[in-house]
Amino acid sequence: MTLAEPAVFSVASPASSLDESELTLQRMHFALPGSLAVSSSWLHAVDVEVKELLLLSEGWDGAVAYPVSAEAVDRARRLLAEIGAALPALPRPTVTPSIDGCVVLEWHSSERHIDFTVGRDSIEVFYEDDKQDVGWDGPLTRSPLDPLAFLSVHSW
Amino acid sequence: MPGGSPYEDDLVGILPTARLLRRINPRFCDWNTLDAEGNPRVTRQAVQFYTEEMAARVGCPGPALSVIVESLADPLEVLRGRYAGDGLASITADVIRGEASERGIQLWPTPWEPAHAVVFRTDGGRDLPKSVKQRLAEHLSKNWVTPPRR
């Protein structure tokens, strides 16, 4: 799987209640070679970090920031579980809230970056690879690259 | 906000070399990535524009990012007290504006911050592209004035 290779999602998800972002993740998970149901060592600690964002009250930054929504937290936790299961060797992500109530999960190195902005209704992905001049910003469901492949082929 | 911005770039009052301070909430920092002095990396969440609704609540007419014009600001010790718990990092006006002046800066004093200014998109856009926010955050990461406490 190379960076230039478009994501191919050919495995149907059995969970019909999930929305399109989550279906995309499930398909990516199934498509990754070597996917194992093994959790990353950081998963529990980061899961706690994400849940703690619910403690932020209205105005937690600049007196105007919105609280992080429970839906965004739930969605981010599911995303983390998916990524942690698919890529157990991945280092822990940085977890930050955004002033509009989203949860941002990011992996960053000096040459590349990927983050997932998890909102109440959607997941957006943003990635950049300076060396390969690759970048994308948009809905996860429309990403031209498989974000899990982007995560898996690089060292962080 | 199609059709332009409600703000006006102050090219005379805020020269390209002017230093601007950005308040950085420690929650916007990557504490897993520290520089040689032990200061954290700033994430792009630190430079997200206020929404229109948030901006209205602080008396601004459109989406923008708050900064402080250092030359007009109270002494640093006063700022540290005013924004206790948060960090302060600097960036120059030319970096903010960008090579093609895609962004502007206008002084917008408030009752609690006389040196307050807003960064806005000259096309009236509601937020900066994430790639631009990444670059601005990288600049801020290299120019801590007062690092935040975790």
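**A loop and its setting in chain B**

B:Ser101 lies in the loop between H3 and S6 of chain B (helices, H or I of at least four residues, and strands, E of at least two, are DSSP runs numbered from the N terminus). The structure is a predicted model, in which local features need pLDDT of at least 70, side-chain atom pairs count only at pLDDT 80 or more, and totals for chains, interfaces and linings use all residues. Residues are numbered from 1 along each chain as its sequence is written, with chains lettered from A and ligands numbered from 1 in the order of writing.

The backbone at B:Ser101 has a positive phi, near 50 degrees, although the residue is not glycine. B:Ser101 counts as exposed because 11 other C-beta atoms lie within 10 Å (buried means 20 or more such atoms within 10 Å, exposed 12 or fewer, partly exposed in between, with C-beta placed from the backbone).

The loop that holds B:Ser101 leads from H3 to S6 of chain B, and strand S6 (103–107) of chain B is an edge strand of a sheet. This open sheet has 6 strands in chain B, ordered S6-S7-S4-S1-S5-S8, and the pairing is antiparallel (pairing needs at least two DSSP bridges). The other edge is strand S8 (144–146) of chain B; S6 and S8 each pair on one side only. From one strand to the next, the twist averages 40 degrees (axes are lines fitted to C-alpha atoms, for helices over the stretch in contact, and angles run from 0 to 180 degrees between N-to-C directions).

Further into the strand order, S1(B) and S4(B) are joined in the antiparallel sense over 2 bridges. In this pair, B:Leu21 faces B:Ile68 of S4(B). H4(B) packs on the sheet, where S1 and S5 of chain B are touched by the helix, and the direction of H4(B) makes about 115 degrees with that of S5(B).

The model's largest nonpolar core has 37 residues, and B:Leu20, B:Ala64 and B:Val118 touch the most other members (such a core is a set of buried Ala, Val, Leu, Ile, Met, Phe, Trp, Tyr and Cys joined through C-beta atoms within 7 Å). Among the elements giving two or more residues to this core are strand S1 (19–24), strand S4 (65–69), strand S5 (87–92) and strand S7 (116–121) of chain B. Leaving out residues up to four places away in sequence, B:Leu20 touches B:Val67, B:Ile68, B:Val69, B:Glu70, B:Ser90, B:Ile91, B:Ala93, B:Ile96 and B:Ala117 (contact: C-beta atoms, placed from the backbone, within 7 Å). Apart from this core there is another, of 30 residues, including A:Val50, A:Leu87, A:Ile114 and A:Phe150.

H1 of chain B also holds B:Glu52. With 16 other C-beta atoms within 10 Å, this residue is partly exposed. B:Glu52 is in contact with B:Gly62 and B:Pro63, its neighbours within four places in sequence left aside. The C-alpha atoms of B:Glu52 and B:Pro63 are 4.8 Å apart, although 11 residues separate the two in sequence.

Chain A contains 4 helices and 5 strands, which run α-α-α-β-β-β-β-β-α from the N terminus on. Of its 156 residues, 37% count as buried. Among contacts in chain A with a separation of 6 or more, 55% join residues 24 or more positions apart. A positive phi in a non-glycine residue is also found in chain A, at A:Asp133, where the value is about 55 degrees. A:Asp133 sits in the loop between S4 and S5 of chain A, and this residue is exposed because 7 C-beta neighbours lie inside 10 Å.

Between the chains, 18 residues of chain A are in contact with 19 residues of chain B. On the side of chain A that touches chain B, two or more residues come from each of strand S1 (94–97), strand S2 (103–108), strand S4 (123–129) and strand S5 (134–139) of chain A. The scores for the model are ipTM 0.93 and pTM 0.87.

Confidence is given for each chain. Chain B averages a pLDDT of 96, and 98% of its residues score at least 70 (pLDDT is the predictor's per-residue confidence, from 0 to 100). For chain A the mean is 82, with 75% of residues reaching 70 or more. Helix H1 (residues 20–31) of chain A has the lowest mean pLDDT among the elements of that chain, 54, whereas S1(A) has the highest, 98. Over residues 1–18 of chain A the pLDDT is below 50, and this stretch has 27 contacts beyond near neighbours in sequence. Residues 29–37 of chain A likewise stay under 50, with 16 contacts beyond four places in sequence.

Methods:
Contact = placed C-beta atoms within 7 Å.
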